[in-house]
Amino acid sequence: MTPGVATPIACVLGPTASGKTAAALAFAARHPVEIISVDSALVYREMDIGTAKPSAEERAQVPHHLIDIVDPTDAYSAAEFRSDTLRLVAEITARGRIPLLVGGTMLYYKALTHGLNDLPGANAEVRAALDAEALRDGWPALHARLAEVDPLTAARLAPNDSQRIQRALEIFMLAGQPMSTLLAAPAISDDAAAAWRFVPVALEPSDRSVLHERIARRFDAMLAAGFLDEVERLRARGDLQPGLPSMRCVGYRQAWEYLDGAGDFATMRDKGIFATRQLCKRQLTWLRGMPERHVVDCCLADAGERVVEVVERVLDV
């Protein structure tokens, strides 16, 4: 590390099923790396199959951080991610190893690189009240209510996007201002990240249908590996409910509804794949907003090797 010069930190970002883990492990096979997960689903313990968590074998090959760190009853915020990641980057660098960020939760990455907006934290009482309202009137009714107080946010949300509708209403109820207004304000930054220059290396598809097919194959593989049994075990704990952030993760929400008797297996499968593709679309939209990113076509057979080459150039290793 050169005094006064920000140290580059490579961040392998990309949508679901784009090959991020394989590329990161290929780089780790050549260099002394520790991986920091940038994934809001991997933080949860007991949620392994549906999150496509790196296997025990993969995690034995290279140290991984920010995986299995909270219980599914708990929440883990972007602010916590930023604090933990900046601490880990400094610790890993001090050990003489290379920190490599890997994941697809773009809100985490934005918080890390641009600082945090002054948004109120989660409030259990407000969320419970909104859940009760949604149970009575339906999420489209709450979406209509959001459109009255925050039309900009409502316009970009689907009427059944319960998680985001609830969060936007919660922010308005707690702050007295629309979420869109608060997000438009300058982010609250600090000097904590000044020592580092985070460089995005993005895995993106030249043909989105290829990624869609991968998503379908991976969801089927999860089902074959016992994903529904995993959700059954989570339900059997007795302390989880579908409104929790953990149970709103893509796939888990659809599996929970199916196990509640809503629809047949084929419908659950189709909904799970569709929700994952929608997540992929949102991730790609975030990535396109990063003109500084280094793009690698994830449809290429040698995409992993190309990521390794780009990261080596970024880090000069």
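A residue counts as buried when its relative accessible area is under 20%, and this cut-off is needed for two residues of the structure above, which is a predicted model.

Leu66 is placed in the loop between β3 (64-65) and α3 (78-94). Its relative accessibility is 7%, so Leu66 counts as buried. With a relative accessible area of 12%, Ala17 is buried.

Domain 1 is made of two stretches, 7-116 + 196-315, while domain 2 covers 124-184. The centres of the two domains, taken over C-alpha atoms, are separated by 26 Å. Where domain 1 and domain 2 are in contact, four residues of domain 1 take part with eight residues of domain 2. The area buried between the two domains is about 520 Å², and carbon and sulfur atoms give 24% of that area. On the side of domain 1, Arg248, Arg253 and Arg282 supply 77% of the area buried against domain 2, which is more than any other three residues supply.

The next step is to look at how helices pack. Two packed helices are described by the angle between their axes and by the distance between those axes. For helix α4 (residues 106-114) and helix α13 (residues 265-288), the axes come within 10 Å and cross at roughly 25°. Angles under 35 degrees count as roughly parallel, and α4 is therefore roughly parallel to α13. Met106, Leu107 and Lys110 of α4 make this contact with Gln283, Trp286 and Leu287 of α13, and by class the contact has four nonpolar residues, one polar and one charged.

A second pair is formed by helix α5 (residues 124-137) and helix α6 (residues 139-149), whose axes come within 7 Å and cross at roughly 120°. The helices α5 and α6 are therefore oblique to each other. In this contact, Leu130, Asp131, Glu133, Ala134 and Asp137 of α5 meet Trp139, Ala141, Leu142 and Arg145 of α6, and the residues divide into five nonpolar, four charged and no polar.

Key: Residues numbered from 1 in each chain as written. Predicted model: local features only at pLDDT ≥ 70, side-chain atom pairs only at ≥ 80, totals over all residues. Heavy atoms only, no water. Axes fitted to C-alpha atoms, helices over the stretch in contact; angles between N-to-C directions. Helix = DSSP H or I, 4+ residues; strand = E, 2+ residues; numbered from the N terminus. Parallel < 35°, antiparallel > 145°, perpendicular 65-115°, else oblique. Contact = heavy atoms within 4.5 Å. Nonpolar A, V, L, I, M, F, W, Y, C, P; charged D, E, K, R; others polar. Buried < 20%, exposed > 50% of the residue type's maximum accessible area, 1.4 Å probe, protein only. Domains from an automatic or database assignment. Buried area = accessible area lost by both parts, 1.4 Å probe.
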